[in-house]
Amino acid sequence: MTKSKGIPMFSPNRRTFLQGMGAAGLAGAGLMPRSAQAATSMKFMCWEGYDSPDIIKPFEEANDVSISIDLITDSPGGFAKLAAGAWRDFDVVATDSPWVQRMGPAGIGEFLDDAEFADVYESFYPQFRAPFAPLDFDGKTTGLPTRWGWVGPTVNTKYDTLENWRSYAPCFDPAYKDKICVLDWGDWPIMPMALYAGIDPYKELDDAELNEIRLVLRALFKNTRAIVGDLSVAQKGLMDGSFRTLIGGGTYCTSALRKDGQKEIMSIVPEPKDGLKQGIIWMEAGGIVKDPVDDAKAKALLRDLTSPEVAVKLAWTEATCNLVPSQKAEALFTDEQKDVLQMDYMWEAWDKSHFHNVAPNIDQMLEIWSQELAAAR
Amino acid sequence: MAEIQKTWRDGALRLSTLPLLLLMGLFFVIPLIMTALLSFQGTQYYRLVWTWDLKVWTDVFSQIHYWTIMWRTLMMALVCTVLCTILAIPIAYGMLHRLSRWSDHITLLMVFAFLTDAVLKTFGWVLFLDRSGVLNGTLEAIGFPPAAVNVLFTPNATMIGMVYNLLPYTIFTIALSMARIDGDLVLAARDAGASRLRAFIEVTLPLAKPGIWAGAVLVFVLSLGVFLEPKVMGGGTSPLAAELIRQSFETRVNWPLGAALTLVLIVIGAAALTVFGAVALWQARRVAHD
Amino acid sequence: MVSPIIKATGIEKYYGTYRALSDISLEVANGEFLALVGPSGCGKTSLLKILAGFEDLSAGSLVIDGKDMAGIPASARPTRMVFQKLALFPHKTVAQNIGFPLHLAKRPKPEIDTAVRRMLELMHLKESYLNRYPHELSGGEQQRVALARSMVSQPPVLLLDEPMSALDAKLKKSLQAELKHLHRHVGTSFVHVTHDLEEAMMLADRICVMRAGRIVQLGAPSEIYYRPADAFVAGFIGDTNLLPAKITRAGDGFRFACEILDCAEPLLSADQVAPGVAAGSEAALMIRPEMLRLLAQGENAECTIVGTVNEYFIRGASIQYRIAAAGTEIVMDIPGTSTLPAKQGDAVRLGLALGDLFAVET
């Protein structure tokens, strides 16, 4: 059983805004039998999926540890919690990669020795092997990649064509009025819109560029039917055609629908526009929080999460399905699973995408977002 | 009847309030002070910096959109309070008098609904109100055009959700108040020549006032803090204060800003309650002098 | 004859299958003071509620003030009720309470004001009370305000539902006197429910005794007291001696045989026997305690009882004796004297007049 107890219809998702659900997950984790005689007790902060008993239980038994889980409901929020002092309580974290990388400069993470994990890197696709820039701080490695996917238009081909979504242009087309769903997932929906406006949001922006972002968001809100925080509501709209696309989403939103047989629903990345790539690669990573109770066991957990067998489980969860960096795991997927994960498209998406990071001007962008939202209605 | 006059000079009395004072201090006053102190700090790279300046406050007072959202929150709360009260009065009355035979069953159903997780109920509304949802499906089946009711993901849907989730508070407090009214008083009014409606207006309503006020205050305070309804049913396009505060704390990791906005909301709520109280007091005095 | 203000014919009331009232027929004359008396659960309050219009009747008809009351709600009836717990509106002042029926009738304010002040005077209430709230008044004052409210619009019929049951004895006495006075003064018909037969005898022109949903006896107070229909009515007030007796017809009158009672000529006239007994039911002889007297040595009476004093109580105006006679306890009230005529354990002879005897059904 997963922790989506009580609400089988609406399995909670990683970006759910419902703190209550996070709390329920926490309580659920607390209720999981913790063997009293376990030598070590570890605290693991992670997105949902990592907490699956399929993954945690065997690890606990094999390593004589008991793991208590703290589910993340918002990546920056999780980071802020650690940075504010909770790092003393935690041992391992699995969150969006920029936040693992930031534990380096914040001084709340342990660095990894690439040589020690050489065999792990060996099992990865070449794109993820050391030295891996997205998780690098000052020449030192902050974590290991665990899951990934891309952000781009999500299309239900029953109602629309992939052709239409080679660009984000329909978002601003009056014909799509009231048919766009924007995901309320912090920076995620802002980034693709900035890219469409011709601005690389991952670099330092000036006022003129920020104003461009303001204008593009204003235009987006004109066509927006709803700003949705819950994955299931977004997925439902995509299935019944009331949402033509989910802005800020991608494989994370569609793969679980494909798993349920709805192969007409796909995630793609738009074609580069004026020389600027339009897609975004997101990635989650595991890192060790500063001063873990047991360094060896914390490392063992990272190894476990990146092993081909566990990677398959991590890729295939109730609410979402995702790609994993492990090349060795690819052989363990069935053809059906590969199709669900759109594996034949993944390197094309990779090539047309930026790698997600924390934008330097994200706070201003979020402020612009809420200003425009307040003025929209 | 002689009342025992108690004063604060009574040492035993002061001692007996100590646990309450401690509790209030621990769980109300101290967190409030901490929130206030937090609002004078700053953030840098997602971490709190102890700056002791007014930057956040100047920000709060210079950004019109915070006030747009606060104003909208206040208006939604007021409308919700009025709707809940207006709806609850006949429901409570009907439960006690017209459907008294079923009153236990109704109460049980309401308690069940009330105790059901708000998340679940709110999603239920989404399925019900959706363009392709239960309501529109039913309407279409009886001859209405498709998607006749297009209310989901609008502020009206937020209001429906708020009223639905908060209505039990007013129903219960008002019903409790009405149940305590001596039935003979209503009979006396009827006997004196009052129609049912008139007896209700002259006797039941004024005597249910404590419950009506209590329910209204409860709903008002709770509706200032709603976040589920605007987000799920309202489609997030017109966020209210609680969402603004959540975003400040979580997404922007700007705790000082979140703290300042929290205080603004508390002050607005307290001010509104003061006005409520003043009106209630003025009314009571007016009745006494009339 | 002037047509009655209330005419009830064959009223029945069922609550589910429970029959609360059966075959109630009675008339109340204009200006009459009728008391409905009976133990709790006898149906007197149900009958009052039917008169007021708070309850529907299951069968029968009710005419008040010449109009059939079928389908007419309480608010439109020519009756006003004084409630047991008074039911003064706590959120209205004394003036607003009293003037409420006129306020509902949309009478002009000066008229209401005058009427309220008139009622205040009639009820001996101070004018300063006008702006007070009911909870600021004493129990007796609240009582008067309740009466004033129900009388202010001069209804043809006033219904009183044991309004004095909660008052202490002294206050009750004075309010009873006032109520009687008020009734004479205003000429309204009163229907007064009480479980206190003494109160009923003091106030009412006629008393209707009820038991188990039926009228047992309807008559003037003296009739109820001296000629009760049966042992139940006889025993309903004060202490009553009921001596089992065999009654047989003897010419125009009746002959009786009673173990305890020794009579030279055990004969009763026809009007000394309740109708049920005349028809052959089991009977008892009723002797009110004040009808007995203590016989001196050698003194004789038409009837005598021999016994021993068990106990006595000095009650001021009277002395009550409890006397054991052939296994039965006899109660006797004699006028109080400074010297006690008999003490505990004394053998005594009691005498009474043959004409004071009355045979009731048991």
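Visitor: Where in chain C is C:Val152 found?
Guide: The model is a predicted one. In it, helix α4 of chain C covers 139-151 and strand β7 covers 157-161. C:Val152 is found in the loop between α4 and β7.

Visitor: Is C:Val152 buried or exposed?
Guide: Buried means under 20% relative accessible area. C:Val152 has a relative accessible area of 3%, so this residue is buried.

Visitor: With which residues is C:Val152 in contact, leaving aside its neighbours within four places in sequence?
Guide: The C-alpha atom of C:Val152 is separated by 7.1 Å from that of C:Gly99, 53 residues apart along the chain. Contact means heavy atoms within 4.5 Å. On that basis the partners of C:Val152 are C:Ile98, C:Pro101, C:Leu102, C:Ala115, C:Arg118 and C:Met119.

Visitor: How many of the residues of strand β3 of chain C are buried?
Guide: Strand β3 covers residues 33-37 of chain C. C:Phe33, C:Ala35 and C:Val37 point one way from β3(C), C:Leu34 and C:Leu36 point the other way, and all are buried. The strand is thus described as mostly covered, and the count of buried residues is five of five.

Visitor: Which residue of β8(C) stands opposite C:Phe33?
Guide: Strand β8 of chain C covers residues 189-194 and runs parallel to β3(C), with five bridges joining them. In this pairing the residue opposite C:Phe33 is C:Phe190.

Visitor: In what order do the five strands of the open, antiparallel sheet of chain C lie?
Guide: Each edge strand pairs on one side only, and the edges are β14 (267-268) and β21 (358-361) of chain C. Read from β14 to β21, the order is β14-β12-β11-β15-β21.

Visitor: Which residues of β15(C) are buried on each side?
Guide: β15(C) is mostly covered, with five of its five residues buried. Both faces are covered. C:Ala283, C:Leu285 and C:Ile287 are on one side, and on the other are C:Ala284 and C:Met286.

Visitor: Which residues of β21(C) stand opposite C:Leu285 and C:Met286?
Guide: Four bridges join β15 (residues 283-287) to β21 in chain C, and the two strands run antiparallel. C:Leu285 stands opposite C:Ala359. C:Met286 stands opposite C:Phe358.

Visitor: What percentage of the contacts in chain C with a separation of 6 or more joins residues 24 or more positions apart?
Guide: Chain C contains nine helices and 21 strands. Its C-alpha trace spans about 75 × 50 × 40 Å along the principal axes. Of its 362 residues, 50% are buried. Among its contacts with a separation of 6 or more, the share from residues 24 or more positions apart is 66%.

Visitor: How far apart lie the centres of the positive and negative side chains of chain C?
Guide: The accessible surface of chain C comes to about 16,500 Å², with 51% belonging to carbon and sulfur atoms. The chain has 37 positive and 40 negative side chains. The distance between the centres of the two sets is 8 Å.

Visitor: Which chains share the most contacts?
Guide: Chain A and chain C are joined by no contact, and their closest C-alpha atoms lie 45 Å apart. Two pairs of chains are in contact, and the pair sharing the most contacts is chains A and B.

Visitor: How far apart are the end C-alpha atoms of residues 70-276 of chain B?
Guide: An unreviewed UniProt entry places the feature "domain: ABC transmembrane type-1" at these residues. The chain there is 79% helix and 0% strand. The end C-alpha atoms of residues 70-276 of chain B are separated by 18 Å.

Visitor: How far apart are the end C-alpha atoms of residues 74-96 of chain B?
Guide: The unreviewed UniProt entry places the feature "transmembrane region" at several spans of chain B, including 74-96 and 166-189. Residues 166-189 are 88% helix and 0% strand, with end C-alpha atoms 32 Å apart. Residues 74-96 are 100% helix, and their end C-alpha atoms are apart by 32 Å.

Definitions and conventions. Residues are numbered from 1 along each chain as its sequence is written. Chains are lettered from A and ligands numbered from 1 in the order in which they are written. This is a predicted model: local features need pLDDT of at least 70, side-chain atom pairs count only at pLDDT 80 or more; totals for chains, interfaces and linings use all residues. Side-chain values use heavy atoms; hydrogens and water are left out. Two strands pair if DSSP finds at least two bridges between them. UniProt positions are given in the numbering used here, feature names are shortened, and annotations may be inferred rather than shown by experiment. Buried means under 20% relative accessible area, exposed over 50%, partly exposed in between (1.4 Å probe, protein chains only). Accessible areas come from the Shrake-Rupley method with a 1.4 Å probe; for residues, only the protein chains shown count as cover. Lys and Arg count as positive and Asp and Glu as negative; His and the chain ends are not counted. The place of a charge is taken as NZ of Lys, CZ of Arg, CG of Asp or CD of Glu.
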